[in-house]
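Subject: Structure handover

Hello,

Please find the structure below. My notes on its charged pairs and its nonpolar cores follow.

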Amino acid sequence: MVVVLVRPPGPLDQPDPARQRDGLLLEGPLVPSTVTGVEFGRSPVVLLFDREPPDRQELASWLGEVPRRAEVQLILPEPPAALVDPGLVEVVVDPDGRLADAVALPAPVDGGPGIGYAVVDSRRQVRYSTLDPAYLVNAFEVTTILKWVP
């Protein structure tokens, strides 16, 4: 006998589990050269989507694992209550969700702003876009993706 248990999506998860990706997008959307002040096309860009600034030490540890050739931006839906160390990561406030739309970040089950990340290559093509509330413990995923994108 085989028993399979599948938990239903949580409030921050992708509503349709079939849309969760486990590989690079070969033909992802092409983003404009600038969206909400973020410039694309010079080097790979990693967009971290969150609802509030993450823990400083956890973010610093995550950033320490990501290759320096990538630009990392923290995308928040509203200005943070506490200042985020500008030497750590650039914060972009995107109340209209234009960046999430540009990289096709899905909306989570709860309907709020997505928590996850997207990787856009130096040609402005989206190579990966996913909801991942635990992105700070999954730096290896971004590091692996960046090995394969220009």
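A salt bridge here is a side-chain nitrogen of Lys or Arg within 4 Å of a carboxyl oxygen of Asp or Glu. This is a predicted model, in which local features need pLDDT of at least 70 and side-chain atom pairs count only at pLDDT 80 or more, while totals for chains, interfaces and linings use all residues. Residues are numbered from 1 along each chain as its sequence is written, and side-chain values use heavy atoms, with hydrogens and water left out.

Salt bridges

The structure contains six salt bridges. In one of them, Glu 39 pairs with Arg 42, and their closest N and O atoms are 2.9 Å apart. For exposure I use relative accessible area: buried is under 20%, exposed is over 50%, and partly exposed is in between (1.4 Å probe, protein chains only). On that scale Glu 39 is partly exposed at 41%, whereas Arg 42 is exposed at 56%.

Asp 110 and Arg 51 form another salt bridge, at 2.8 Å from N to O. Asp 110 sits in the loop between α2 (98-102) and β6 (116-120), and Arg 51 in the loop between β3 (45-49) and α1 (56-65), so the pair ties together parts 59 residues apart in sequence. Helices (H or I, at least four residues) and strands (E, at least two) are DSSP runs, numbered from the N terminus. Both partners are partly exposed, Asp 110 at 38% and Arg 51 at 28%.

Asp 121 and Arg 127 also form a salt bridge, with the closest N and O atoms 2.8 Å apart. Here Asp 121 is buried at 0%, and Arg 127 is buried at 12%. Elsewhere, salt bridges with shared partners link Glu 39, Arg 42 and Glu 71 into one network.

Nonpolar cores

A nonpolar core means a set of buried Ala, Val, Leu, Ile, Met, Phe, Trp, Tyr and Cys residues joined through side-chain atoms within 4.5 Å. The largest has 23 residues, and those with the most contacts inside it include Val 46, Trp 62, Tyr 117 and Leu 146. At least two residues of this core come from each of β3, α1, β4 (71-76), β6 and α3 (139-147). The largest share, four residues, is from α3.

Which residues does Trp 62 contact, leaving aside its neighbours within four places in sequence? Among them are Val 46, Leu 48, Val 72, Tyr 135 and Val 142, where contact means heavy atoms within 4.5 Å.

A second, separate core has 19 residues, including Leu 25, Phe 40, Leu 47 and Leu 105.

Regards
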